[in-house]
Amino acid sequence: MAASPHTLSSRLLTGWVGGCVWYLERRAIQESPHKFMHLFRNVNKRWFTFQHFNFLRRMYVTQLNRCLSQQVKPKPEPVASPFLEKTSSCQDKAEIYEMRPLPPQSLSLSRKPNEKELIELESASIIEGSIDVEEETKDEKQWKEMKLHMDDLPGILARLSKIKLTALVVSTTSAGFALAPGPFDWPCFLLTSVGTGLASCAANSINQFFEVPFDSNMNRTKNRPLVRGQISPLLAMSFATCCAVPGVALLTCGVNPLTGALGVFNIFLYTCCYTPLKRISIANTWVGAIVGAIPPVMGWTAATGSLDAGAFLLGGILYSWQFPHFNALSWGLREDYSRGGYCMMSVTNPGLCRRVALRHCLALIGLSTAAPVLDVTTWAFPVVSLPINLYISYLGFRFYVDADRKSSRRLFFCSLWHLPLLLLLMLTCKQPPGVTHDKGDPPS
Amino acid sequence: MAALRPGRRALSPPLCRALAGRGRRLAPERGAERRDAAPNRVSRFCPPRKSCHDWIGPPDKYSNLRPVHFYIPENESPLEQKLRELRQETQEWNQQFWANQNLTFRKEKEEFIHSRLKAKGLALRAESGQKATLNAEEMADFYKEFLSKNFQKHMYYNRDWYKRNFAITFFMGKVALERIWNKLRRKQKKISN
């Protein structure tokens, strides 16, 4: 539900989890190959690969998606395709036959010279014809039947719901839940995570449903399921509804109405405000930042039942983080945005783009300092987080001054590890229970 | 959308290809008709006879959109026909818009590069024979200008696209319900027989 170009960041975040799982799973695979595990392995293989930071540095987001599409497990040829190939080879013969008026027996050496020339001319035209036919058959082989195979469905739905971005969103919600004061309630935590995950899947699916022709025209997004026709729009919307309804119901009834309301609001904000706004005004970036900020707030309200200052602080940190992350990413996509009609700061107002990124890097330092003031963390937190906050601010400053692709990439890749690390530090420096200042409600 | 009933293709593949072959010759004339529009390439693809689903092709060279070959079942209901025609029309409209958009972008980008290089006094090709290009910062002016120039066009397109997308999905839902209803009715008839 955060601004769309979070794909790589979500992979990195879940990469270390995926890495452990991949290792265990690889051992299991050697013992018992199972159909499901095979699919799981492919997914995890990607997660593990992305763990390597140098590998990440070489892979920019657009290249990453290209690699992914090349790593897709080769599917068994659909039943129709041998039929198609047979047809096309029949066609080859048919066309060649059409172009050769002379009977086959005429290819003996005891030919008269003019007939020989004729044969040569014909063989040239046959070759040309067969190249044409070859190109045609190559083109035809790329046509796929729009038939949904049940064993492809999990993979398709995972890509439709941007499962890795969803995983990132759920992890920020979990961080919000864990940072909230009060005893850690496991059932509530699980319900919140599942509910938020479902809501995020729904929002992402609806976003993809709206953006099919635009996604087709951008390198980063051209392999999405709706673009490739792997699933129909009707099915995509049905899936979105089947995720949204239980997800919101789970949050409202299983957790509390406030969290449910925030979930619905976030789905609405992402699908009906952010998505269309992307093509209307640069304000979409700010709206998208709010979308990214709400999940940790939801985690907090799930734990405490109220919107405390701590919730706003966490939301503020996520909100500020979105700007260096997204603005740096969008710097390298200006051509695609311009051609596709997307209104982004990097295209319309490059100076503003860099200023805002730097501004929010500095804001992160301020927000980290406010954390102990609001009793969310101890005073150790601003101290230990200062190095990474200063580093990202430095890169933000470099981006502001240099305004080139190199500095934008460095800032983007820094933001990928900066957020998980910052959240981790917050968790380790969480204010222990019972230590409160005069202000602030007692934990519920 | 895939049809659930088995059906036969109206034309056998060899005949279809022969017609398409003629279609290939027709294409340049068609293209000439719409010279300001992007060249409209006739799809020469014919799905196999036994298939009763739609087929989707590789991305178009100009519009980057994947063309869909719609399956026409034998006993197509009026609703299904309406849906298919809507999808066909939307596909053509989309292909037209994006092919135009991409070609215009490419053309204007070339012109911009030429004019800038000329202003700088540089040749269009370096001594090594490689095409001279501008760096990203110089291109930024072009991107900004192109985006603002096409803003209104995109507004109209967005509005129309959203309308069509919703209409298609709505009709898909109606067709799906119709098919379920027909299936249930047939089952009931079988049971009563």
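Let me start with the open sheet, which has 3 strands in the order β1(A)-β1(B)-β2(B), with antiparallel pairing, where helices (H or I, at least four residues) and strands (E, at least two) are DSSP runs numbered from the N terminus, and two strands pair if DSSP finds at least two bridges between them. The edge strands, each pairing on one side only, are β1 (144-145) of chain A and β2 (68-69) of chain B. Between β1(A) and strand β1 (residues 55-56) of chain B, which run antiparallel, there are 2 bridges, and the bridge partner of A:E145 in β1(B) is B:W55.

Before going on, a word on conventions: this is a predicted model, in which local features need pLDDT of at least 70 and side-chain atom pairs count only at pLDDT 80 or more, while totals for chains, interfaces and linings use all residues. Residues are numbered from 1 along each chain as its sequence is written, chains are lettered from A and ligands numbered from 1 in the order in which they are written, and side-chain values use heavy atoms, with hydrogens and water left out.

Now to the interface. Counting a contact as heavy atoms within 4.5 Å, chain A brings 49 residues and chain B brings 55 residues. The area buried between the two chains is about 4,600 Å², with 63% given by carbon and sulfur atoms; buried area here is the accessible area (1.4 Å probe) that two parts lose on being put together, summed over both. Of the area that chain A buries against chain B, 17% is supplied by A:W143, A:M146 and A:R339, more than any other three residues. For the complex, the predictor gives an ipTM of 0.77 and a pTM of 0.73.

How far should we trust each chain? Here I use pLDDT, the predictor's confidence in each residue, from 0 to 100. Chain A averages a pLDDT of 80, with 69% of the residues scoring at least 70. Within chain A, confidence is lowest in helix α5 (residues 80-99), at a mean of 40, and highest in helix α9 (residues 186-210), at 97. Over residues 31-51 of chain A the pLDDT is below 50, and this stretch has 37 contacts in the model beyond near neighbours in sequence. For chain B the mean pLDDT is 79, and 73% of its residues reach 70 or more; over residues 1-40 of chain B, however, the pLDDT is below 50, although this stretch has 63 contacts in the model beyond near neighbours in sequence. Where pLDDT is low, the predicted coordinates should not be read in detail.

Chain B itself comes to 4 helices and 2 strands, following the pattern α-β-β-α-α-α along the sequence. Of its 193 residues, 42% are buried, where buried means under 20% relative accessible area, exposed over 50%, and partly exposed in between (1.4 Å probe, protein chains only). Among the contacts in chain B with a separation of 6 or more, 65% are between residues 24 or more positions apart.

α8(A) is mostly covered, with 14 of its 17 residues buried. A:N223, by contrast, is found in the loop between α10 (212-216) and α11 (233-255), and counts as partly exposed because its relative accessibility is 22%.
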